[in-house]
Amino acid sequence: MTPSLEQARRPAPDRSFDRSFDPLFDRPFDLPFDQPRTQAPPLGPAPRPALASSLEPHDGGLRAALDALDRRSSTTGGYAYLDEEAKREIRRGLLKAVAVPGHQTPFSGREMPMPYGWGTGGVQVTASLLVPDDALKVIDQGADDTVNAVSIRVFFARTARAKTTTRTSEATIIQTRHRIPETPLAPGQIMVYQVPLPEPLRRLEPRETETATLHALAEYGLMRLKLYEDVAKHGDIALSYDYPVLVGGRYLMSPSPIPSFDNPKLDRSPALHLFGAGREKRLYAVPPHTSVESLDFEDFPFKPQSWAQVCGLCGAADSYLDEAVLDDRGGRLFVCSDSDHCRRRRRTP
Amino acid sequence: MKPLLAAHGLTKIFRSPSAEQSAEPTTGPLAGPPAGPLDRPSDWPATGPSAEQPAGLPAGQPACLEVALEVHAGEVLGLVGESGSGKSTLLNLLCGAVKADAGQSLYRDALGLEVDLQNVEEVDRRRLMRSELGFVRQNPRDGLNMNVSAGANVAERLLAGGERRYDRARAAAAAWLERVEIPVRRLDDSPETYSGGMLQRLQIAKNLVAGPRLVFLDEPTGGLDVSVQARLLDLLRNLVAGLRLAVVLTTHDLAVARLLSHRILVMKGGRTVESGLTDQVLDDPQAPYTQLLTSSTLSL
């Protein structure tokens, strides 16, 4: 155990959760968000029992996803940065994405106060969903305390007076850049992914018209060909992140650049997974309890990453590990990438 | 016995830009689109059909006019004619890659069901094209994926057709490479490193690996020098006879047609001029154009 890294891991006193304090400018919030949330808008109408009832017998996951979106259509007046019309349009796109799991549906991405590549897609999806009763968690490569995660969390703390949290189990919406938390997700939770390249076939086929046709005809021989080439050249499937998956046995989907370690967590997950690509202006979704199969060969089966080491801080043997360089003399430490998971394991040994 | 492929009245008109231009309203740039629906070109006012063109078709250059043909299992049909006679267009019409203005291309599939390749769902047509049918292009670069290895090119149809074992796909690719006389050690090489003759043989392996019943060959020996051409023709003849393939072949080279095909269809200006048994047509041509064609052949 190296105390220097342990110190580095421990976040500075985090006041971003203190909603009377604006961490961006290191001073109390100014108007109008410094008001305590006494008059928070109520949650929307109770889920309508008639909604999607025809789908219920064989697809409870779709029903749950549609209900979750339906419940989140109640805010008014520029809540959470985007105007209501924009948020409604995104939710309409999400409805379609949920109804056709794994299928990319276009939306008219808005300008956000951040550059493309910093999660504009994810932020728009989160903004379209947030209601005041939500608890928002934002992670970047698993960690709650990195720049991207902190700024997005602060952004919503200011524009939506959203309750923020770092605890996976408490969060109702988790916006993520390239990880799925180690703590198992629960029904009712929503994962929002930031997606740089939504089209899994793009590197193999540059034409959008052609990839659209391949999706329409469910012709995914091209991706199988890529796997064949990997085995022929490298002796195994040489993909460790953005590992292509088949959703619901139908659509080929990029799970965003999450490590293949996280792919199994998507399969029949009880949570709703929503993907937003801001630059490419695409939305797609994996509703709860949907099968997500990582492509492979029978004789070269899908293998998520694994490590010989355990986490140097909490001793976890079953989490995704980051390698940290400690000094110039080859000192290295493997630590959990999920900072919440690691911290809680250390607190309750 | 019913034919494997039967085409009736296949017609394709390529609309010329001048005909399209004169069909546009000329009242000014803001005149708007023509009154009729845009996707029905026959509604557009035309400059008037040419004398030999059937009524009810758009104006333009006819590439194929009411061509009919039949191909039986195990039979090789040669389409011969000069450049621009409509051979390649006819091949594309037969397999449904180009949509005809009129006519059918009826293919009897492995289950004995008749499928009109001109009027079938695209998903079914593509499935047929990579399982029961094959299409070898004149330029192998058009028919191959130059970004992946030779082995992957051959394995592609097996993988797309549901093969989920790497070793089986690879073994099949290696076996087919050997069959088309490409050294198996070149299996993982990029096709970019192959010579022209090897590329064409690779394309043939790619098309035959899934066990097709009917293969379209578009000038398979075009652009190859004569010794390479001879080897390729030898290979093709053995494969076709050994696999009892039905083949529709286009060529402008009458010697190639005589070597490979059982029957011949002579085309000119998009129409069939003459058809019959290969020897009959080439030794005793009846139509003036066929006579011209046979007498134009150079000999040593």
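**Val80(B) has Val266(B) of β9(B) as its bridge partner.** The view is taken from a predicted model, in which local features need pLDDT of at least 70, side-chain atom pairs count only at pLDDT 80 or more, and totals for chains, interfaces and linings use all residues. Residues are numbered from 1 along each chain as its sequence is written, chains are lettered from A and ligands numbered from 1 in the order in which they are written, and side-chain values use heavy atoms, without hydrogens and water. Strand β3 (residues 76-80) of chain B runs parallel to strand β9 (residues 263-268) of chain B, and four bridges join the two. Strands here are DSSP runs of E with at least two residues, helices are runs of H or I with at least four, and numbering starts at the N terminus. Two strands count as paired if DSSP finds at least two bridges between them.

**Six strands of chain B form an open sheet.** Their order is β6-β7-β8-β3-β9-β10, and the pairing is mixed. Which strands stand at the edges? They are β6 (133-136) and β10 (271-277) of chain B. Each has a single partner strand, so one side of each is left without a neighbour in the sheet. Neighbouring strands are turned by 15 degrees against each other on average, direction ignored. Strands of a sheet pair through backbone hydrogen bonds, either parallel or antiparallel.

**Strand β4 of chain B pairs with β1 and with β5.** β1 (residues 5-14) and β4 (residues 102-108) of chain B are antiparallel, with five bridges. Gln104(B) in β4(B) is the bridge partner of His8(B). Three bridges link β4(B) to β5 (residues 114-116) of chain B, again in the antiparallel sense. Here Leu106(B) stands opposite Asp116(B). What does Gly112(B) do in the hairpin of β4(B) and β5(B)? It takes a positive phi near 85 degrees. Five residues lie between the strands of this hairpin.

**The rings of Phe275(A) and Tyr284(A) are stacked.** Their centres are 4.7 Å apart, and 5 degrees separate the planes. Rings of Phe, Tyr and Trp (its six-membered ring) pair if their centres lie within 6.5 Å; planes under 30 degrees apart count as stacked, over 60 as edge-to-face and the rest as tilted. Phe275(A) is buried at 0% relative accessible area. Tyr284(A) is buried too, at 1%. Buried means under 20% relative accessible area, exposed over 50%, and partly exposed in between (1.4 Å probe, protein chains only). Over all chains, the structure holds 12 aromatic pairs.

**Phe135(B) and Phe216(B) form a tilted pair.** The ring centres are 6.0 Å apart and the planes stand at 35 degrees, so the pair counts as tilted. It links distant parts of the chain, 81 residues apart. Phe135(B) belongs to β6, Phe216(B) to β7 (residues 214-218) of chain B. Are these two residues buried or exposed? Phe135(B) and Phe216(B) are both buried.

**One aromatic cluster takes in residues of chains A and B.** Tyr228(A), Phe297(A), Phe300(A) and Tyr166(B) make it up.

**His273(A) is buried in strand β10 of chain A.** The strand covers residues 272-277. The relative accessible area of His273(A) is 0%. Its side chain makes a polar contact of 2.8 Å with that of Ser269(A). A polar contact is a pair of N or O atoms within 3.5 Å; within protein, one must be able to donate a hydrogen and the other to accept it, and residues adjacent in sequence count only if both atoms are side-chain atoms. Leaving out residues up to four places away in sequence, His273(A) touches residues including Leu185(A), Met191(A), Tyr193(A) and Tyr284(A). Contact means heavy atoms within 4.5 Å.

**Gln286(B) is exposed in a loop.** The loop lies between α10 (278-283) and α11 (288-296) of chain B. Relative accessibility of Gln286(B) is 54%. A polar contact of 3.1 Å joins its side chain to that of Asp284(B). Gln286(B) also touches Glu274(B) and Gln291(B), not counting residues up to four places away in sequence.

Cys336(A) is buried at 0% relative accessibility, and Cys342(A) is buried at 2%.

Technical notes: Axes fitted to C-alpha atoms, helices over the stretch in contact; angles between N-to-C directions.
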